[in-house]
Amino acid sequence: MQLMLTEVGHGLDSRNLETTATLLPNGDFDIHTPNSNAAKLLPKRAGSKPLDRAITIFTHVRLPRSALLVPLKKSDNMQESFMVMTRRGAVGSLAFTTVLVPLMKRAVFVAGKYKLRRQITRQNSKPVPIISLRTQQLPILHALAQIAVFEPFAQDSIQQFKRSNDIPVIQQIISFTFKAVLCQASQPRFHALSERCGAQGLSEYNQIIGSQLETCMISIAEGDISAMSISLFDESRSILKGLKGGHRHAEFNSLILPRCPALVEAIGHRRAYEAAAKAGVDSDLLALYEIHAVLLDPSWYIQHTDLTREYLFQKEARLLDTLLPRLDTLLDSTGAGLYCTAPILSLASWDAFVDRLETLEAVGMSEDKARL
C-alpha cells in the first residue's frame, strides 16, 4: 500500500498525488504517471537486505474493471470514504511497530551482557565492570523497563484494534498512539545502546546499529508520526479556539502542529502504563517507565503539579539502584539470548569471531609478527 501511495514529489500527501486512473468507456482504467514527480517510490533502505530500490512509472497501463476492489460509486462523505479505504494503513502501522519489541530485546541483551563483562581500571584502583558507571546503566535499565511495558501494551493494542473493527477512526487512534510511543522510545534507545558500546556499537555484526536503521524505516512506514499526530489536549484546544482558518492556517502550522507528536505520545504513554499495570508488570520496572515518561517533558509536570526536578531525578536514581542487582536476570528474562549472535557477548565468542576473519599477511613476514 505504501509503495502505491508514495510519490517522489509528494511523499504520502494523498490529496496531491498526481498519478491518474481514468475510467474508459468499456469500464477499464488507464493508469498513467504524468511526470517524474508522480513516480511511485520505494527507496532502498539503509541496512536492509531483502529489497533494492524501486521506482514505478505507469505509461497508460490498462487495468481491467475486475481489478477494482470497491464499488465504483462516489461517496456522500469523501473524508469518511477515504478513511475506510486506507484503513489497512492502520493495520500495517500496528503490525510493523510490534517488530520493535523483539529488536529492542536483542539490542539490550547484547549491550547489557557486553557491559557486564567489560571492565575498566580507574586511577589507583582494581578493574571494575563498566556497568558500575551510571551512564552505562541508564540506557540498559530504561530499555528493560520499556520492553516490560511494551509487550502487554502491544497485546492490549491488538485486542482493542480487533474489538474496534467497525470504527476506522478508533483503529487509527489505537495504532498511531502505539506507534508514536514505541518509535519515540526506540530510536534514541538504540542510539544510546550503540553509543555506549563504543566502536563495537558501530559494527553491524553486533546487532545494534542495524536495528537502529530498521527503526527509522518503521517510523516512516505506513505514515510518519508527525503527519499522523492530529489529536490535541486542552493546552492546544485553548489556542485552537482563537485561530481562524482551521488546520490549514499558518497559525495552526506554527502553534499547534509542533505540539501534536508530544500530545499523541502522552496519550500512548497513558495507554501503555494502564496496559502494563493491568498485566501485572514488575512494579519497579513499571515505576521506572513512568518516571522516564515524565522526564520526557518535566517542565509540564513541574508547572502543573507539585513535582520538582530534584524529586524526579532522585526517584529515578532510587529505581535504578533497586534494579541494578537484577540486571543479569532481567536480561536473561527477555528470551533474546537464543537469537543473539553478536561476537561481543563473551570473550570466547569474540576470539572465535576473530579467528574466522580473513588474515592478510605481508610477503616474507613470519606469521607471528602481525595480522590484519
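Arg 134 is partly exposed, with a relative accessible area of 30%; here buried means under 20% relative accessible area, exposed over 50%, and partly exposed in between (1.4 Å probe, protein chains only). The model is predicted, and local features need pLDDT of at least 70, side-chain atom pairs count only at pLDDT 80 or more, while totals for chains, interfaces and linings use all residues. Residues are numbered from 1 along each chain as its sequence is written, and side-chain values use heavy atoms, with hydrogens and water left out.

Let's stay with Arg 134 for a moment. Its salt-bridge partner is Asp 321, which is partly exposed at 46% relative accessibility. A salt bridge is a side-chain nitrogen of Lys or Arg within 4 Å of a carboxyl oxygen of Asp or Glu.

| Salt bridge | Closest N to O |
|---|---|
| Arg 134 and Asp 321 | 2.7 Å |
| Arg 270 and Glu 274 | 2.4 Å |

Helices (H or I, at least four residues) and strands (E, at least two) are DSSP runs, numbered from the N terminus. Lys 113 counts as buried at 16% relative accessibility, whereas Asp 332 is partly exposed at 45%.

Arg 270 and Glu 274 are separated by about one helical turn, because they lie four residues apart in helix H11 (residues 260-279). Arg 270 is exposed, with a relative accessible area of 55%, and Glu 274 is partly exposed, at 40%. Salt bridges that share partners also join Lys 113, Asp 328 and Asp 332 into one network.

Now to the strands. Three of them form an open, antiparallel sheet in the order E1-E2-E5, where two strands pair if DSSP finds at least two bridges between them. Strand E1 (20-23) and strand E5 (61-63) are the edges, each pairing on one side only. Strand E2 (residues 29-32) pairs with E5 over three bridges, and Asp 30 stands opposite Arg 62 in E5.

Finally, Leu 69 sits in the loop between E5 and helix H2 (78-85) and is exposed, with a relative accessible area of 83%.
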